[in-house]
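Let's take a friendly walk through the salt bridges of this protein. Have the sequence and the 3D view ready.

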Amino acid sequence: MLTSLKKAGISTVYNYLEKDPEKNLPKLMEWVDRFAGSGPESFEVQRGVFRNIVNDPTSNWYQLIVRLLKETDSGVLKAIFTNFFLNGNLIGWKIQEEYREKYNCNIPWAILLDPTSACNLHCTGCWAAEYGNQLNLTFDEIDSIINQGKKMGVYTYIYTGGEPLVRKKDLIALCEKHNDCIFLSFTNATLIDDAFAKEMLRVKNFIPAISVEGSKKNHDSRRGSGSYDKVVRAMNILKENRLPFGVSCCYTSQNFESISSEAFYDQMIKWGASFVWYFHYMPVGNDAAPELLPTPEQREFMYHQIRHFRETKAIFGMDFQNDGEYVGGCIAGGRRYLHINANGDVDPCVFIHYSDSNIREKTLLECLQSPIFMAYHDGQPFNDNMLRPCPMLENPEKLRAMVEKTGAHSTDPQSPESVDHLCSKCDAYAANWKGTADKLWECSCKRKVKKN
């Protein structure tokens, strides 16, 4: 993918960083600017933000970058920079745009895959736990998905499940075969051991996002006694092997304060996590509990809390639901990502299990051109307020209409849920959140106008 000259340039920059990362960070940015050039596909705004960070040693983001450079294996850093930043963004984005224009459909930036429905835990409130443990995508099927994705410029692959590490040998083999891609896996971390860490260190392009419920009490009450200690042990193994990792948290009406407290942020940094990915609880599944949905006041608290620590703590926090204003609303349906379950069903979203296509019957491109995916393409954004992005959670009437129009079916193999049943759990929530979301959106728009 990269010419010999570009590869030589990367090696030179890496050498600078290894010798003196703090002093030579600006040189990395200068090289990226030359490589990216200018124009709509060069990420000029994002590069400008990053340039400001590397020139401000007082910034918490600068401190995070320096911590990563000092605490991460140099070979892993090279793989992340080459596969994620160069292949996945600067190079891949241009190819994605060409496909979007040629086929007039969504082309994803990342693809989520369930290698298996099997899991070694049975966590309360997890829909994956209800899927049974007999479904798997074969190695060849995953390999084919990745090959198809790379042709479209997709170099970022994210594993969900089930517990993906039940298939750890296959996942490592895929990392090795597709050494130009970056792989992230959501995991309960109980299967991470020294041997697996050594394999991660060997392939260099696999990053875990470890699920944590906050305190030891909260974590073990949902995931089983002893689970918290296994998570901490896994983090220690990763840190000792100079491997990067992050944390994944689902916030509900019951745990939102504990998993977003300053003490928890400090604990994540102490563990060695470089990012935390927050997910809003979704009432997916016939037995889901709507009472776990955060109230408008609780969600607003999370909105402000995560933004505050994003500017003050040396860890990158992302909020899948409340960060819609930064990505233009809903990113599902292939706009930025899609989901393929362990049965091969291609869902528009990891939280919305309705499909009209299976990867065993269609190519990836054909799936993206299917009625349900084109309904996403034609309907996005689903709301002018980007803090009400989802066609299920905040705009349930939109999902009802899309599923009915396209004839998409539930992809839950154990307990299929009708779209009316799912959306009925979101109707009151959407109505209650609207006022708060509109207020926050108005304030956000005013801030942007003032800043500009």
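## Lys313 and its two partners

Glu262 is partly exposed, with a relative accessible area of 45%. In this predicted model, the Glu262 side chain meets that of Lys313 in a salt bridge, at 3.0 Å from N to O. Lys313 sits in the loop between helix H12 (296–310) and strand S7 (316–319), while Glu262 belongs to helix H11 (residues 262–271), so this contact ties together parts that are 51 residues apart in sequence.

Lys313 also forms a salt bridge with Asp266, where the closest N and O atoms are 2.8 Å apart. This pair, too, links distant parts of the chain: Asp266 is in helix H11, 47 residues apart from Lys313 in the loop between H12 and S7. Why does Lys313 count as buried? Its relative accessibility is 12%, and buried means under 20%. Asp266, by contrast, is partly exposed at 35%.

Now turn to Asp143 and Lys177, whose side chains meet in a salt bridge of 2.8 Å, N to O. Asp143 lies in helix H6 (residues 139–151) and Lys177 in helix H7 (residues 168–177), so the pair links distant parts of the chain, 34 residues apart. Asp143 counts as buried, at 9% relative accessibility, whereas Lys177 is partly exposed, with a relative accessible area of 48%.

## The wider picture

How many salt bridges are there in the count? The count comes to 21.

Methods:
Residues numbered from 1 in each chain as written. Predicted model: local features only at pLDDT ≥ 70, side-chain atom pairs only at ≥ 80, totals over all residues. Heavy atoms only, no water. Salt bridge = Lys/Arg side-chain N within 4 Å of Asp/Glu carboxyl O. Helix = DSSP H or I, 4+ residues; strand = E, 2+ residues; numbered from the N terminus. Buried < 20%, exposed > 50% of the residue type's maximum accessible area, 1.4 Å probe, protein only.
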